[in-house]
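Good morning, and thank you for making time for this item.

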Amino acid sequence: MSALWSGRALMIVPTYNESENLARLVGQLRQLPGDIHLLIVDDNSPDGTGAIADAIAACDPGVRVLHRTGKLGLGTAYKAGFRYGIEHGYDYICTMDADFSHSPESLPDLLNMAAAGYDLVIGSRYVAGGAVVGSPPLRKLISYTANALAHTLLGVTARDCTAGFRCYRRQVLEAIDLEAIFSSGYSFLIEMAFIVERAGFRTGETPITFVNRTEGASKINKLEIYKAMYTIVRLRTQALPWDRIMAAYHQRSRARSADQAE
Ligand SMILES: Nc1nc2c(ncn2[C@@H]2O[C@H](COP(=O)(O)OP(=O)(O)OP(=O)(O)O)[C@@H](O)[C@H]2O)c(=O)[nH]1
Ligand SMILES: [Mg+2]
């Protein structure tokens, strides 16, 4: 199924307080074979991640940094990275977390699968061969529930639609109206998986072992969990055939008025 990828790839790494992880991650990514450039999107991390990113970029032309003024959310960081990737003509535009939950070693699998014809490839915990290491049971339950709701209510076929380890073919991101995506935080991942599939693009998944972060702190909070639930309900109601529902309602009320008039 896999073809060997070629062309230019961009890896977008959103960062907020990842000073313990960033330099090592960039080192590993830049050692991978192929033309893989990095874009670090840092939201003015208080721990100085932005300065570390600048120091790396100063020595490596394959690394660029986008500084934003403050914590603006994961979804908008991805969007900013996508725009950069499109403008600079990358063939494959990828995303991953900076905390080593996603192993750089798995990136070639994602790229090869995209080269084999998948428009969006997800590094997945929930397909055969995938695994989760070190996540607390509550996190597992939240992830499982969000995915189960996305499958049943939205019809998303990807098993792991909350995963941030992804590779998009540029054409997908060009075809989608990124400005119309409402979610700004973690829910963005569910919304993108839904929109990509609904637009008729082909999504594939390659197994990964997700390792819970050992350095730095998680940024996900209760509010993001509520937002994910809201996003699923919002997309569900948006996907309902409102025109047909309203037409059927009007037809029924007209029939009722006609009955009463007789
Ligand atoms: N630029 C930017 N990056 C963010 C923001 N929030 C999170 N990130 C980054 O997004 C990635 C995922 O965030 P994590 O805190 O690891 O979230 P998570 O993986 O769902 O949670 P854990 O499993 O607890 O690590 C990391 O690289 C973060 O540094 C944000 O508002 N802006
Ligand atoms: Mg993480």
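Two strands are said to pair here if DSSP finds at least two bridges between them. By that criterion strand E5, residues 120–124, pairs with E7 in the antiparallel sense, over three bridges. Please keep in mind throughout that this is a predicted model.

Let me set out the chain as a whole. The protein chain contains nine helices and nine strands. Its C-alpha atoms fill a box of roughly 85 × 40 × 35 Å along the principal axes. Of its 262 residues, 40% count as buried.

Seven strands make up an open sheet with mixed pairing, in the order E3-E2-E1-E4-E7-E5-E8. Strand E3 (63–67) and strand E8 (203–207) each have a single partner strand, so they stand at the edges with one side lacking a neighbour in the sheet. From one strand to the next, the twist averages 20°. Helix H2 packs on this sheet, where it touches E1, E2 and E3, and its direction makes about 150° with that of E3. Helix H3 lies across E1, E2, E3 and E4, and runs at about 155° to E1.

In general, strands of a sheet pair through backbone hydrogen bonds, either parallel or antiparallel. E7 has an antiparallel partner in E4, with four bridges joining the two, and another in E5, with three bridges. Arg166 of E7 illustrates this arrangement: Thr95 stands opposite Arg166, and Ile122 also stands opposite Arg166.

Which way do the residues of E7 point? Arg166 and Tyr168 point one way, whereas Cys167 and Arg169 point the other way. This follows the general rule that side chains in a regular strand alternate between the two faces of the sheet. All four of these E7 residues, Arg166, Cys167, Tyr168 and Arg169, are buried.

How far apart should the ends of H9 be? At 1.5 Å a residue, its 20 residues should span 28 Å, and the end C-alpha atoms are 29 Å apart, which agrees. H9 is hardly covered, as the count of buried residues among its 20 residues is zero.

Next come several loop residues. Asn17 is found in the loop between E1 and helix H1 (22–30). Its phi is near 55°, a positive value in a residue other than glycine. Is Asn17 buried or exposed? Asn17 has 20 other C-beta atoms within 10 Å, and therefore counts as buried.

Phe100 also has a positive phi without being glycine, with a value near 70°. The residue lies in the loop between strand E4 (92–95) and helix H4 (107–115). Phe100 counts as buried because it has 20 C-beta neighbours inside 10 Å.

Asn221 sits in the loop between strand E9 (209–211) and helix H8 (222–239). With 11 other C-beta atoms within 10 Å, Asn221 is exposed. Although Asn221 and Asn17 are 204 residues apart along the chain, their C-alpha atoms are separated by 15 Å.

Asn44 belongs to the loop between E2 and helix H2 (49–59). This residue is partly exposed, having 13 other C-beta atoms within 10 Å. Leaving aside residues up to four places away in sequence, Asn44 touches Gly50, His67, Arg68, Thr69 and Gly70.

Finally, the ligand. Which residues come nearest to ligand 1? Of the 21 residues around ligand 1, they are Pro14, Ala77, Ala98, Ser218 and Lys219. The elements that contribute two or more residues to this shell are strand E1 (8–15), strand E2 (35–42) and helix H3 (74–87). Sorted by class, the shell has eight nonpolar, five polar and eight charged residues. E1 and E2 are also strands of the open sheet, and H3 is the helix that lies across E1, E2, E3 and E4.

That concludes the presentation, and I welcome your questions.

Note on methods: Residues numbered from 1 in each chain as written. Chains lettered and ligands numbered in written order. Predicted model: local features only at pLDDT ≥ 70, side-chain atom pairs only at ≥ 80, totals over all residues. Near = placed C-beta within 6 Å. Nonpolar A, V, L, I, M, F, W, Y, C, P; charged D, E, K, R; others polar. Buried ≥ 20, exposed ≤ 12 C-beta atoms within 10 Å, placed from the backbone. Contact = placed C-beta atoms within 7 Å. Expected span 1.5 Å × (residues − 1). Axes fitted to C-alpha atoms, helices over the stretch in contact; angles between N-to-C directions.
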